[in-house]
Amino acid sequence: ELIARRHQQIALIYVTPWLSTIQLRIDGFRRAMNEGGLALRPELVRQIEVRDLRHQMQEALNDFCRMNQPATAVVLLNNVLGAEALYCLNQSWSLPQKPALGCFDDLDLFDYVYPPVISVVQPIDNLADTCVDIMVRLLEVKEEVPAIPPQLIDTTLKIR
């Protein structure tokens, strides 16, 4: 969606890269950039640490927006990062300088903020049902834990 809106300088911010879901999201970002014909600029990709989230978010956004070719959009790989980015953007810059935001997960807050946040909405009820089903299968096994194949659940894109 960001590429369709003609953003060419798209940054990525993430935490916890050892989680498989985050790795898949990073891979998806790279694939989307490649398929959109955009170069993945390493200086626009930043891993930040949870323990110092606000400071590192502010620093990353400042860096991204002060480059010779500044980021016009930022993708955040979870809703905690999305909320933190909004906080930092609304503390620092006048409206015309704010990059567009794309975020995995959704928050009701995203309906009321500027810049608007495009979000990937995960069906929480479906996720919970799938987790319960897997747990029940694991509890029923007495001797050996079976291999559980990855479960893919469809998401939707909420465009604001």
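Predicted model: local features only at pLDDT ≥ 70, side-chain atom pairs only at ≥ 80, totals over all residues.
Residues are numbered from 1 along each chain as its sequence is written, and side-chain values use heavy atoms, with hydrogens and water left out.

Six strands make an open sheet with mixed pairing, in the order 2-1-3-4-5-6. Strand 2 (45-47) and strand 6 (156-158) sit at the edges with a single partner strand each, so one side of each has no neighbour in the sheet. Strands here are DSSP runs of E, at least two residues long, and helices are runs of H or I, at least four, numbered from the N terminus. Two strands pair if DSSP finds at least two bridges between them.

Now look at strand 1 (residues 10-14), which pairs with strand 3 (residues 73-76) in the parallel sense over 4 bridges. Ile10, for instance, has Ala73 as its bridge partner in strand 3.

Next, the backbone. Most residues other than glycine have a negative phi, and most peptide bonds are trans. Arg6, in the segment before strand 1, has a positive phi of about 75° although it is not a glycine. Asp105 does too, at about 80°, and lies in the loop between strand 4 and strand 5. Which of them is buried, and which exposed? Arg6 counts as exposed because its relative accessibility is 72%, whereas Asp105, at 16%, counts as buried. The cut-offs are under 20% relative accessible area for buried and over 50% for exposed, with partly exposed in between (1.4 Å probe, protein chains only). Pro115 is also in the loop between strand 4 and strand 5 (117-121), and the peptide bond from Tyr114 to Pro115 is cis, with omega near 0°.

Finally, the largest pocket. A pocket is an open set of points on a 1 Å grid over the protein atoms alone, where a 1.4 Å probe fits, with protein on both sides within 12 Å along at least five of seven lines; lining residues have an atom within 4 Å of a point. Of the 33 lining residues, the closest to the centre are Leu24, Arg25, Phe104, Val120 and Thr155. Which element gives the most to the lining? Helix 1 does, with 9 residues.
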